[in-house]
2 protein chains.
Amino acid sequence: MTNPTAAMIVIGDEILSGRTRDSNMHHLAGELSEVGIDLKEVRVIGDDRGVIIAAVQALSKAFDHVFTSGGIGPTHDDITADCIAAAFNRAIDVRDDARSILAAFYEKNGTDLNTARLRMARIPEGAELIENPVSAAPGFKLENVHVMAGVPSVFQAMVASVLPTLTGGAKLISETLRIERGEGDIAGPLGEVAEAHPALSIGSYPFQRNGVFGAHVVIRGNDAEDINSAMSQLKAIFG
Amino acid sequence: MTNPTAAMIVIGDEILSGRTRDSNMHHLAGELSEVGIDLKEVRVIGDDRGVIIAAVQALSKAFDHVFTSGGIGPTHDDITADCIAAAFNRAIDVRDDARSILAAFYEKNGTDLNTARLRMARIPEGAELIENPVSAAPGFKLENVHVMAGVPSVFQAMVASVLPTLTGGAKLISETLRIERGEGDIAGPLGEVAEAHPALSIGSYPFQRNGVFGAHVVIRGNDAEDINSAMSQLKAIFG
């Protein structure tokens with residue numbers, strides 16, 4: 001049994017120009033690992049209609065789930081919702097259910113629901129809304145694509161709304177052994193352990209801190225017994 | 001005159017599983033902005049031969065420069081060099097120039113240049129070496145692809161070696177205006193400023209901190225005069 005697969009699309013010129021450091025990728029990666037969905041690819045792209053449409057079409061075909069972040073605010077450069085609609089050949093307009101959510105939120109805050117804010121109620125035909133408990137403007141799900149905000153607090157809240165609705169696979173289990181030896185000394189025996197446990201993913205991540213160097217060897221997989229056996233083998237060699 | 005374009009490929013299961021938070025993307029994005037090379041896409045992918053080869057082939061065709069990080073260490077899961085060779089149909093083996101660099105470094109440190117470490121001297125035919133002043137094992141450039149280490153300190157040192165060899169374009173200039181108004185109030189006038197300055201990229205990035213909310217409006221472009229004019233217009237509206 002293999003786990004469901006996923007891809008993420010991070011949308012925004014500000015990430016590619018180096019102005020903003022993305023944190024949504026790392027958050028989603030950790031959350032998906034927890035529920036047993038394998039994140040296979042992340043693409044970071046700019047606010048460019050053709051590029052967004054192409055990425056959505058390619059990744060929604062290739063993977064079970066796609067998650068996007070960014071580009072669903074009220075300003076002229078927020079074009080994600082329109083691109084998702086175009087990618088699936090759907091109509092898009094201000095939708096009553098989304099408008100009601102915004103109207104209630106802004107009325108409570110005494111803020112005007114002007115034309116710009118109303119753009120955030122543009123939802124493609126047939127999409128389901130994703131709740132935004134932080135700032136009301138909803139995300140949405142169309143086909144297998146979950147469209148979410150780029151602001152980290154809103155993105156995280158939307159991920160929390162979405163994940164319980166997805167069927168995950170076996171949770172990824174991960175065990176780490178810290179070995180204070182050069183990675184070049186670890187590599188040979190490690191390759192043998194990896195060969196003896198083909199179902200596991202075994203990685204080595206070198207560190208060098210305060211004059212101490214070595215590597216964290218991480219064993220990942222879905223079968224705890226298999227992981228324990230590989231870990232014992234490793235400890236017998238390097239313990 | 002348009003700037004040269006670039007893409008980056010971040011390679012490593014540990015990023016996609018959420019274990020490690022990538023920092024190389026943000027570093028490279030900032031450095032490329034400085035020299036006037038437009039980063040257009042970043043792909044984060046796992047340690048999978050077919051996926052790496054496909055990404056290298058697609059992005060090296062689509063952009064002027066490609067930068068990779070990760071997968072060139074001594075362990076069994078370090079398969080990037082072999083994948084790059086395969087992507088361009090080149091032979092790959094331990095190369096004398098790379099072996100000499102490693103031999104000198106390890107001799108000085110009193111460390112054994114064993115089979116695993118020697119893997120780091122596997123360089124595709126016709127590639128130029130990229131200097132690694134941190135831990136000796138070189139990166140390399142093949143066609144328009146720069147292959148660099150994943151360890152951030154080594155990645156950064158390699159980027160510093162490579163960038164002076166590339167011809168950049170006009171440096172990206174960026175000006176920011178902090179506006180303490182809701183993004184929904186800013187959006188309308190901002191769209192008009194953007195329309196009046198089609199050569200500029202104008203983005204709005206909302207914030208909410210200590211009860212104060214608003215947006216940073218960032219104007220980016222290569223023409224300082226154009227940026228100043230747009231910024232004056234903005235200040236006249238929101239100042």
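Here are a few questions and answers on this predicted model. Residues count from 1 along each chain as its sequence is written, with chains lettered from A and ligands numbered from 1 in the order written. Local features need pLDDT of at least 70 and side-chain atom pairs pLDDT 80 or more, while totals for chains, interfaces and linings use all residues.

Q: In what order do the three strands of the open sheet in chain A run?
A: Strands here are DSSP runs of E, at least two residues, numbered from the N terminus, and two of them pair if DSSP finds at least two bridges between them. In chain A, strand 9 (173–179) and strand 10 (201–209) are the edge strands, each pairing on one side only. The pairing is antiparallel, and the order is 9-11-10.

Q: Which residue is the bridge partner of A:Ser174?
A: Strand 9 and strand 11 (residues 212–221) of chain A pair in the antiparallel sense over seven bridges. The partner of A:Ser174 sits in strand 11 of chain A, and it's A:Arg220.

Q: At about what angle does helix 9 of chain A run to strand 9 of chain A?
A: Helices are DSSP runs of H or I, at least four residues. Angles run from 0 to 180 degrees between N-to-C directions, using lines fitted to C-alpha atoms, for helices over the stretch in contact; contact means C-beta atoms, placed from the backbone, within 7 Å. Helix 9 (residues 224–238) of chain A lies across strands 9, 10 and 11 of chain A, and its angle to strand 9 is about 5 degrees.

Methods. Two residues are in contact if their C-beta atoms, placed from the backbone, lie within 7 Å.
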